[in-house]
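Thanks for coming. I will take you through one structure, starting at one end of the chain and then stepping back.

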Amino acid sequence: MQFYLNGYRPGDPDLQAAAPGATDRAWKPDETVDVLVVGSGPAGVVLAAQLAQFPGIRTRLVERRQGPLELGQADGVACRTVEMFEAFGLGAKLRREGYWVNETAFWRPSPGDRSRIARTGRVQDVEDGLSEMPHLIVNQARMQAYLLDFMRQSPTRLEPDYGLEFVDLAVDAEGEHPVRVTLREVDGSATRTLRAKYVVGCDGARSRVRQAIGAEPLGDFANHAWGVVDMLAVTDFPDIRLKAAIQSADEGNILLIPREGGYLVRLYVDLGEVDPAQRSDLRERYTADKIIEVAQRVLRPYTLEVRDVAWSSVYEVGQRVTDRFDDVPQAQAGARLPRVFIAGDACHTHSAKAGQGMNVSMQDAFNLGWKLVSVLEGRAGPELLRTYGVERHAIAQGLIDFDKEWSKIMASPPKDPRRPELGGVDPAELQAYFVKSGRYTAGVATHYPSETVLTAPPVHQHLASGFTIGMRFHSAPVIRLADAKPMHLGHAARADAAWRLHAFADASGERLRALADFLAESPQSPIRRFTPEGADIDSVIDLRAIFQQGHREIEVDKLPPMLLPRKGRFGLIDYEKVFCPDLKNGPDIFTLRGIDRGRGALVVVRPDQYVANVLPLEAHQALADFFSAFLRQR
């Protein structure tokens, strides 16, 4: 963490200096904003947190609830989401407070007595080397609280406007703020209107913003109900503090999720098929007591004495994905630019058991946020915003396809060896599918194909085989040169809408030094061309170097000036741009990520931490051409 750049200031370094007028949140009769975010759920707060860091972007976040969420429904936090939270400086908070899902246990009917369950196996929940971050269980409300605090400490001091619900919008053909939005006080006291450059609907599965733009959810319900209960209980079930998939012979199935804090546990309980005609009164028919009764039968011979219920609900398994994620109909895709977007549950709905809903929703917003910043700050043209729907719609469809298969397996009865004609799922099959799906549930399987200017063809992928173009930048341990600090290279990135150039040195280091000179001096340098005058040199494109030698073999004062940039109003030197392998703790980053040691490699990373390109260090013109395709020259 870096601070004091523009002068010493005592107190909490996370509390950034307030921008002029940041505390003036009074509504005006002719209110205008750059971005209106509707809904303060997972997607809404991730998006607002990114925008809040930019004083030149006026953002409002409206929420129909009268205050922050107190008890969230989502709980599973994928490894990839923890990586993303690290970019906000919040990864340590998640890791400290959350339950770490280290192993998963599998239970099925006992071969000797099918009225009882028996453990059939335990597997490691996240495969080795998949991520430096764990799979966590943290209440959704707590995660949102972290981001709300981040917003309050940002230069804009952004706070949600509670008690306001979205009514309707219209998009004018022209104008600086073409989206006309009508909002209403939830208590019915008043109606408010504003104009916005962009609107993002993060307002859930019944999204009014989605309805306003005429987008349509496609898919159906599976007519299968599950009950969910968060409880404090006393039990002799031995795996109560392990994630467990439990199949009973005749009473249904349970997915058991230990919760944070050491005592709380969540049960997803199979309630069987649902008559579509009786869908409306599910919650009345399946109370918390009835869900618990089913769970007690599934767990036999073990006992479950529930002492307190923190929360319960009933839901149907349904998988739907919206036909488009912005306000531009497919027939007009080439003629119009998007002004209204939807994210999260407004785009895709599915079961909760795969733990993907909140995670994919946050990744929607993380994808869109930096693109809005780039356009609103003039770094890129508005055409960049078309890539949001292209990239995230494909990811949502993949989520739906995965969830259908996972839900089907979880709802299936176990096979009875004595009556194979009845079908069902073999417990070994369930366990194998769980292991096979590990990369997906960890959130690291997302792969953006080369359909947009943001993802290059893998022409030079062989130079860095472990950094797959289109997939997230897979961090690895390094030593920071200037202060010998052991750290992860990926943790140097912030959620600041900046691109990263990770230059892995060639054997002699000469190609890397030539690249640094090109970026510093050439008129074709994308850093020189696209960085605003007066801005810090790394505010748009952030160069970092990784040498092959140990950190005691390189002298800081011999580095190229581009790797010791001067920044801020005092022209202070940034010493945190150069890294070396962590040679004390196993294979170094060049080995771990398949870097060509002879030639080195240049890995271009998007602001949302996805690899956009891999190039030779000497491919100066190709680097310039890549950024010229979407960034605007200053």
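Leu 5 sits in the segment before β1 (32-38); strands here are DSSP runs (E, at least two residues), helices are DSSP runs (H or I, at least four), and both are numbered from the N terminus. Before I go on: this is a predicted model, in which local features need pLDDT of at least 70 and side-chain atom pairs count only at pLDDT 80 or more, while totals for chains, interfaces and linings use all residues. Residues are numbered from 1 along each chain as its sequence is written, and side-chain values use heavy atoms, with hydrogens and water left out.

Back to Leu 5. Its relative accessibility is 29%, so Leu 5 counts as partly exposed; buried means under 20% relative accessible area, exposed over 50%, and partly exposed in between, with a 1.4 Å probe and protein chains only. Apart from neighbours within four places in sequence, Leu 5 has contacts with Asp 536, Lys 567, Gly 568, Phe 570 and Leu 572, where contact means heavy atoms within 4.5 Å. From Gln 296, 291 residues away along the chain, Leu 5 is separated by 59 Å between C-alpha atoms.

Now the whole chain. It has 15 helices and 27 strands. The radius of gyration is 26 Å, close to the 26 Å that the globule rule gives for 634 residues, so the chain is as compact as a globular protein of that length. That radius is taken over C-alpha atoms, and the rule is 2.2 Å times the number of residues to the power 0.38. Along its principal axes the C-alpha trace spans about 75 × 60 × 50 Å. Of the 634 residues, 55% are buried. Among contacts with a separation of 6 or more, 73% are between residues 24 or more positions apart.

Which helix shall we look at for burial? Take α2, residues 79-87, which is mostly covered: 9 of its 9 residues are buried. They include Arg 80, Glu 83 and Glu 86. The buried residues of α2 pack against α1 (42-51), β3 (76-77), α3 (91-97), β7 (136-137), α4 (140-152) and α8 (357-376). After α2 comes Gly 89, with a positive phi near 75°.

From the α8 side, look at Gln 363, which is in that helix. Gln 363 is buried, at 8% relative accessible area. Beyond its neighbours within four places in sequence, Gln 363 is in contact with Arg 80, Thr 81, Met 84, Arg 392 and Tyr 610.

Next, some backbone details. The peptide bond from Arg 300 to Pro 301 is cis, with omega near 20°, and Pro 301 lies in the loop between α7 (288-298) and β16 (304-322). Ala 484 is not a glycine, yet its phi is positive, near 60°. Ala 484 is in the loop between β19 (477-480) and β20 (485-488). Gln 609 also has a positive phi, about 75°, and lies in the loop between β26 (601-605) and β27 (611-615). At 11% relative accessibility Gln 609 is buried, whereas Ala 484, at 35%, is partly exposed.

Last, the record. An unreviewed UniProt entry lists residues 447-633 as "domain: Phenol hydroxylase-like C-terminal dimerisation"; positions are in the numbering used here, feature names are shortened, and annotations may be inferred rather than shown by experiment. In the model that span is 16% helix and 20% strand, and its end C-alpha atoms lie 29 Å apart.
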